[in-house]
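Student: I would like to learn how to read charged pairs and overall fold features in a model like this one. Could we go through them step by step, with the structure in view?

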Amino acid sequence: NLNSHCFVENDVVVGDRVTLKCGVYLWDGLRLEDDVFVGPNATFTNDRRPRSGRPVKSAVTTVKRGASIGAGAVIGPGVTIGAHALVGMGAIVTKDVPAYAVVYGNPARVSGWVDAAGKPAKGPPR
C-alpha cells in the first residue's frame, strides 16, 4: 500500500502487506519485512558520511516483520528495527531497536514494550 508522493529506489526490498504513508522515500539498502507500517514523512537515511559526488555503498537498514514507524521519525543508516517494535512519531533512531520495544525521543530510547498486536506489555516476550 503506497500512498501519494512515495519513492522507491533500486536496491530496496518491500515485503507483503507493507503500508507506506505519504511522503516516504525508500533509498538503496532498505529492507522492509512483511506487515511493516511507515507513517507519513518518516525519513530513512543510507549514508553514514554523506558528501556530494562520491560513490558510496549504501548501509543496509532493516525493519523487521510487524514493526511500525510513526510520522516524521528519522531512521539512521545501518540500523535494525526489531520485529513488532513501535517507533514513536518524530523519534530519531540512531541505534538498533529491540523486538517489541517502544522507542521515542532524540535519540530514541526504549520507553516500554508491546505485544505483537501493539498492546502494552510488561516486558519483551520470552
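Student: Is Asp35 buried, partly exposed or exposed, and what is its relative accessibility?

Tutor: Bear in mind that this is a predicted model. A residue counts as buried under 20% relative accessible area and as exposed over 50%, with partly exposed in between. Asp35 has 31% relative accessibility, so this residue counts as partly exposed.

Student: How does Asp34 come out by that reading, buried or exposed?

Tutor: With a relative accessibility of 18%, Asp34 counts as buried.

Student: Which residue forms a salt bridge with Asp34, and where in the chain do the two partners lie?

Tutor: Side chains of opposite charge can pair when their charged atoms come close. Here Arg65 forms a salt bridge with Asp34, and their closest N and O atoms are 3.2 Å apart. The pair links distant parts of the chain, since Arg65 sits in the loop between strand 8 (61–63) and strand 9 (68–69), whereas Asp34 sits in the loop between strand 5 and strand 6 (37–38), 31 residues apart. Arg65 itself is partly exposed, at a relative accessible area of 39%.

Student: What is the distance between the closest N and O atoms of Arg65 and Asp35?

Tutor: Those atoms are 3.5 Å apart, and Arg65 and Asp35 form a salt bridge.

Student: What is the secondary structure of the chain, and why can the chain be called as compact as a globular protein of its length?

Tutor: The chain has 0 helices and 16 strands. Its radius of gyration is 14 Å, close to the 14 Å that the globule rule gives for 126 residues, so the chain is as compact as a globular protein of that length. Of these 126 residues, 36% count as buried.

Notes
Residues are numbered from 1 along each chain as its sequence is written. This is a predicted model: local features need pLDDT of at least 70, side-chain atom pairs count only at pLDDT 80 or more; totals for chains, interfaces and linings use all residues. Side-chain values use heavy atoms; hydrogens and water are left out. Helices (H or I, at least four residues) and strands (E, at least two) are DSSP runs, numbered from the N terminus. The radius of gyration is taken over C-alpha atoms; the globule rule is 2.2 Å times the number of residues to the power 0.38. Buried means under 20% relative accessible area, exposed over 50%, partly exposed in between (1.4 Å probe, protein chains only). A salt bridge is a side-chain nitrogen of Lys or Arg within 4 Å of a carboxyl oxygen of Asp or Glu.
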